[in-house]
Amino acid sequence: MMNNYEYVYTASYIIHNLATLLIVIASIILVTKKRTLSTILILIGSVLIFILGIGTIFIGALAGQYDTDMFLKLNAISNIASGLAYLMFCLGLLLFVFIDFKKAVPKNEFLD
């Protein structure tokens, strides 16, 4: 049985950060098409999520040089910051759905 799962964690970080990068790109496109408070919150939230996702890798490596308590403190702070970034993204998305998004006139009554 394998005892070293480092490559699995590395792959998960790569997949997660790649997906987050795609969300940032989609957010940039959304802001260029419709610049409102909601789309700006979506963009800021997605950029912060991406930065914190990359930063988590470095925080883990940096905190590994210290004791367990320091690692847990840095990890907790990182998790709170990530949660706030996700909250900002979700708030922007909710505002966009309820305020900015207008239902288009149906082109086909069968599909409506």
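1. The model is a predicted one. Three helices and zero strands are present in the protein chain.

2. Of the 112 residues in the protein chain, 21% are buried. Where contacts join residues at least 6 apart in sequence, 68% of them link residues at least 24 apart.

3. Helix 2 covers residues 37-63, which is 27 residues. From first C-alpha to last, helix 2 reaches 36 Å, close to the 39 Å expected at 1.5 Å a residue. Helix 2 also has a kink of about 25°, and this kink is centred on Gly55. Gly55 is itself one of the buried residues of helix 2.

4. The buried residues of helix 2 are Ser38, Thr39, Leu41, Ile42, Gly45, Ser46, Ile49, Gly53, Gly55 and Ala63. Their packing partners are helix 1 (6-33) and helix 3 (68-100). As background to such patterns, an α-helix has 3.6 residues a turn, so residues three or four places apart point the same way.

5. Asn17 lies in helix 1 and counts as buried because its relative accessibility is 8%, under the 20% cut-off. Leaving aside residues up to four places away in sequence, Asn17 touches Phe50, Gly53, Ile54 and Ile57. Among these partners of Asn17, Gly53 is listed with the buried residues of helix 2.

6. Ile14 is likewise found in helix 1. With a relative accessible area of 54%, Ile14 is exposed, because the threshold for that class is over 50%. Ile14 and Ile54 stand 40 residues apart in sequence, and their C-alpha atoms are 9.4 Å apart in space. Ile54 is also one of the residues touched by Asn17.

7. The largest pocket holds about 260 Å³ of space. Its lining consists of 14 residues, and those nearest its centre are Tyr13, Thr56, Ile57, Gly60 and Ala61.

8. Helix 1 gives the largest share, with six residues. By class, the lining of the largest pocket comprises seven nonpolar, six polar and one charged residues.

Terms used: Residues are numbered from 1 along each chain as its sequence is written. This is a predicted model: local features need pLDDT of at least 70, side-chain atom pairs count only at pLDDT 80 or more; totals for chains, interfaces and linings use all residues. Side-chain values use heavy atoms; hydrogens and water are left out. Helices (H or I, at least four residues) and strands (E, at least two) are DSSP runs, numbered from the N terminus. The expected span of a helix is 1.5 Å times one less than its number of residues. The bend at a residue is the angle between axes fitted to the seven residues ending there and the seven starting there. Buried means under 20% relative accessible area, exposed over 50%, partly exposed in between (1.4 Å probe, protein chains only). Contact means heavy atoms within 4.5 Å. On a 1 Å grid over the protein atoms alone, a cavity is a set of points where a 1.4 Å probe fits but cannot get out, and a pocket is an open set with protein on both sides within 12 Å along at least five of seven lines; lining residues have an atom within 4 Å of a point. Grid points are joined across faces, edges and corners, and a volume is the space filled by probe spheres set on the points. Ala, Val, Leu, Ile, Met, Phe, Trp, Tyr, Cys and Pro count as nonpolar, Asp, Glu, Lys and Arg as charged, and the others, Gly among them, as polar.
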